[in-house]
Amino acid sequence: MQLQYEKSWDKALASVDRTRIEQLFLDAKKSENFTAIREAVNHQETLLISVLIHNRSEKTLVFAQTSLDYELDGQHIATALFTLPQLKIPPHTSMPWTFLFPKGSYVRCDSYAGGTLSWTNAHQIK
């Protein structure tokens, strides 16, 4: 596995965040699809879930009409459908990304830290 950044992430990422992501990448378990980086709600009340996405397959991973679920302590918090043409993760590569769940699409909580993100269907290019 290798760590790769999408172009806009590579340009904008602060060195402290880059170091944290690199450490999370090194600590990632082989069974995970996602490793949490941070969770937050912005001023527009959008839930931001930043994760390292791990593509352990032999094919490029793309998100096309992919349903993602966010759960916290066994409770369903959010579901959204994502089509992200700019996000293409090569085989055996991990890449950071932030998924946005708009206001009204998630359950309000005091804290979102420690939740897990999972996909229902991730489409891959052959």
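**Note on the predicted protein chain**

1. Read from the N terminus, the elements of the protein chain follow the order β-α-α-β-β-β-β-β-β-β. That amounts to 2 helices and 8 strands. With a radius of gyration of 14 Å, close to the 14 Å that the globule rule gives for 126 residues, the chain is as compact as a globular protein of that length. Its C-alpha atoms fill a box of roughly 35 × 35 × 25 Å along the principal axes.

2. The model is predicted, and the protein chain averages a pLDDT of 87, with 94% of the residues scoring at least 70. Confidence is highest in strand 6 (residues 93–101), at a mean of 95, and lowest in strand 8 (residues 124–125), at 45. Where pLDDT is low, the predicted coordinates should not be read in detail.

3. The largest nonpolar core comprises 32 residues, and those with the most contacts inside it are Leu-47, Ile-53, Phe-63, Phe-99, Phe-101 and Leu-117. Two or more residues each are given to this core by helix 2 (15–27), strand 2 (34–41), strand 3 (47–55), strand 4 (60–72), strand 5 (75–89) and strand 6. Strand 5 supplies the largest share, 7 residues.

4. Leaving aside residues up to four places away in sequence, Phe-99 touches Phe-34, Leu-47, Leu-48, Ile-49, Val-51, Ile-53, Phe-63, Leu-68, Phe-82, Leu-84 and Leu-117.

5. Among contacts in the protein chain with a separation of 6 or more, 66% join residues 24 or more positions apart. Of the 126 residues, 38% count as buried. The chain exposes about 7300 Å², of which carbon and sulfur atoms supply 51%.

Terms used: Residues are numbered from 1 along each chain as its sequence is written. This is a predicted model: local features need pLDDT of at least 70, side-chain atom pairs count only at pLDDT 80 or more; totals for chains, interfaces and linings use all residues. Side-chain values use heavy atoms; hydrogens and water are left out. pLDDT is the predictor's confidence in each residue, from 0 to 100. Helices (H or I, at least four residues) and strands (E, at least two) are DSSP runs, numbered from the N terminus. A nonpolar core is a set of buried Ala, Val, Leu, Ile, Met, Phe, Trp, Tyr and Cys residues joined through side-chain atoms within 4.5 Å. Buried means under 20% relative accessible area, exposed over 50%, partly exposed in between (1.4 Å probe, protein chains only). Contact means heavy atoms within 4.5 Å. The radius of gyration is taken over C-alpha atoms; the globule rule is 2.2 Å times the number of residues to the power 0.38. Accessible areas come from the Shrake-Rupley method with a 1.4 Å probe; for residues, only the protein chains shown count as cover.
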